[in-house]
Amino acid sequence: MNKNIKRISVVCLCILLSGCSMFQSALNDIKGNLVGNGYTIYTYDNYGSEVMETSGDKISITGNAVESTSYDEDGRVVRGYELSSVITITVDGKEIESCGDTCVFEQKGLTPDVDFIQEDIDSNTHGQISDNTSVARFINKYKNMFGKGRIVVIKSQLGQPIAAYSGDKVYWKIPDNLPKMTKLMIDGKALYIHRANFQIIDKELLD
């Protein structure tokens, strides 16, 4: 009886987590590390002009640590490691080392929102408890775990528009082991943004 209860609990947990964007992102990371995911990589210069497009069936991204030296309060040398600005992109077993350029990694099956037009935002409170900033931060952090309706607007390092993506379940995080990188899950597909300006805007602000 106890085994059956445990099995039911595991099944219920899996069903619950299957709708959680943070959980989907973790699975995406595992698959990417062990198998590799299919991506198209768009590389841009500072002005937002595309300089190269790379696609592959099994692509992964790796940060590169370099040794750093500092001194403690007693003047002793302290050695450690920090991420360099260089990322290594493995494309079907071959490598590209990249530094400085803007790179957008678009998982296959994800497409930009070509109809998006940048708008000004004019929002007002409605006297609800969720309007309180402290409460809103807590609620939005929870919603981000499961994903919520958002528009992702990407611009070059000099502010030129590059692309926009929209989704009903959008989750974002900053990877610990990748420099100047943001990862998003958009309706179950991954989008990595490297060295670019961007905004992630709740759709409700644009209604």
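Me: In what order do the elements of the chain run from the N terminus on?

Reply: Helices (H or I, at least four residues) and strands (E, at least two) are DSSP runs, numbered from the N terminus. Here the order is α-α-β-β-β-β-β-α-β-β-β-β-β, which comes to three helices and ten strands. This is a predicted model, in which local features need pLDDT of at least 70 and side-chain atom pairs count only at pLDDT 80 or more, while totals for chains, interfaces and linings use all residues. Residues are numbered from 1 along each chain as its sequence is written, and side-chain values use heavy atoms, with hydrogens and water left out.

Me: Which strands pair with strand 6?

Reply: Two strands pair if DSSP finds at least two bridges between them. Strand 6 pairs with strand 7 (residues 161–173) in the antiparallel sense over seven bridges, and Val-152 stands opposite Tyr-165 there. These two strands form a hairpin with five residues between them, and Gly-159 in the turn has a positive phi of about 90°. Strand 6 is also joined by six bridges to strand 10 (residues 197–202), again running antiparallel, where Ile-201 is the bridge partner of Ile-151.

Me: Is strand 6 mostly covered or uncovered?

Reply: Buried means under 20% relative accessible area, exposed over 50%, and partly exposed in between (1.4 Å probe, protein chains only). In strand 6 (residues 148–155), six of the eight residues are buried, so the strand is mostly covered. Across the chain of 207 residues, 33% count as buried.
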